[in-house]
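The following paragraphs lead the reader through selected features of the structure shown here.

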Amino acid sequence: MTTTNRGRLLLKNSLIYVLLAIGSLVMLVPFAWMLSTSLKESYQVFTWPPKWIPDPVKWSNYKTAFTSLPFGQWFNNTIIITVLSIIGAVVSCIIVSYGFARFKARGRSFLFILTLATMMLPDTVTMIPKFYMFTKFGWINTFYPLIVPLFFGKAYFIFLLRQFFMSIPADLEEAAKIDGASTFGILMRVILPLTVPAIVTITIFQFNDSWKDFMQPILYLSKPELYTLTLGINFFKSQNNVQWNYLMAASMVTMLPSLLFYFIGQKYFVESITLTGMKG
């Protein structure tokens with residue numbers, strides 16, 4: 001590579017990094033404002049020009065925010081819904097996607113296309129029928145509508161896992177069959193250890209979907225003791241005299257689990273996106 005080409009490449013890379021850095025800073029401004037506001041006195045929230053570093057720093061805002069309303073109960077409700085939703089989505093999607101990837105059966109391709117077609121249905125189309133059905137089941141003001149449907153699979157997760165399964169050489173399964181392993185044994189001992197990146201990815205997606213979900217809880221949960229964090233924060237915001245420093249403190253605590261969950265699993269997330277679609 002000539003000196004001129006190296007200089008052009010260095011300039012191009014430098015420009016890309018500068019643009020990425022500027023974009024990152026722009027994206028971090030709302031987060032920084034939220035954090036700053038959560039540590040301020042109420043009279044400092046709307047001062048102009050904005051004071052980014054609180055003085056004094058009020059860590060007690062977090063305690064006040066979570067004791068003024070039953071955020072502890074709402075936090076527990078959110079954890080229960082999120083954990084059970086993840087279990088349902090991961091288990092059901094693994095089974096279904098493995099069947100689509102490996103079992104040779106008549107109509108398999110049609111069923112797979114039909115499964116993918118469900119992603120084209122807007123949520124607003126199915127909202128009323130699902131509400132009517134869950135009302136007939138007597139599931140309103142319970143967590144069932146937020147959990148049970150996940151035990152029947154999720155189209156995008158099925159697609160993601162199916163593509164990942166198809167990238168695994170079939171020779172590994174043939175060798176396990178020769179050793180006497182059953183289909184379930186092959187799935188558990190051979191396939192799943194190789195599918196950790198994809199499983200972590202759908203776990204992150206489902207955690208994010210359940211943790212921040214607002215539309216479904218507001219449809220099915222009307223009792224305050226059953227609220228999730230998103231409903232609780234909305235209820236807090238609807239009060240006549242909103243204390244924005246307390247609201248931002250509650251929002252920070254609500255947002256942190258999603259950030260931590262992503263940063264812990266980002267290695268597997270990137271690996272899964274890289275490998276998915278290599279075959280099939």
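Leu10 is exposed in this predicted model, because its relative accessibility of 57% lies over the 50% cut-off for that class. The residue belongs to helix H1. Between Leu10 and Pro129 there are 119 residues of separation in sequence, and their C-alpha atoms stand 57 Å apart in space.

Helix H1, which spans residues 3–38, also holds Ser36. Is Ser36 buried or exposed? Its relative accessible area is 4%, under the 20% limit, and therefore Ser36 counts as buried. When neighbours within four places in sequence are set aside, the contacts of Ser36 are with Lys51, Trp52, Ile53 and Pro54.

The description now turns to a pair of helices. Helix H3 covers residues 71–102 and helix H10 covers residues 196–212. Their axes approach to within 9 Å and cross at an angle of roughly 145°. The crossing of H3 with H10 is right-handed. Which residues make the contact? On the side of H3 they are Phe75, Thr78, Ile79, Thr82, Ser85, Ile86, Ala89, Val90 and Ile94. On the side of H10 they are Ile199, Ile202, Thr203, Gln206, Phe207, Ser210 and Trp211. By residue class, the contact of H3 with H10 comprises 10 nonpolar and 6 polar residues, with no charged residue taking part.

Terms used
Residues are numbered from 1 along each chain as its sequence is written. This is a predicted model: local features need pLDDT of at least 70, side-chain atom pairs count only at pLDDT 80 or more; totals for chains, interfaces and linings use all residues. Side-chain values use heavy atoms; hydrogens and water are left out. Axes are lines fitted to C-alpha atoms, for helices over the stretch in contact, and angles run from 0 to 180 degrees between N-to-C directions. Helices (H or I, at least four residues) and strands (E, at least two) are DSSP runs, numbered from the N terminus. A crossing is left-handed if the near helix is turned anticlockwise from the far one by less than a right angle, and right-handed if clockwise. Contact means heavy atoms within 4.5 Å. Ala, Val, Leu, Ile, Met, Phe, Trp, Tyr, Cys and Pro count as nonpolar, Asp, Glu, Lys and Arg as charged, and the others, Gly among them, as polar. Buried means under 20% relative accessible area, exposed over 50%, partly exposed in between (1.4 Å probe, protein chains only).
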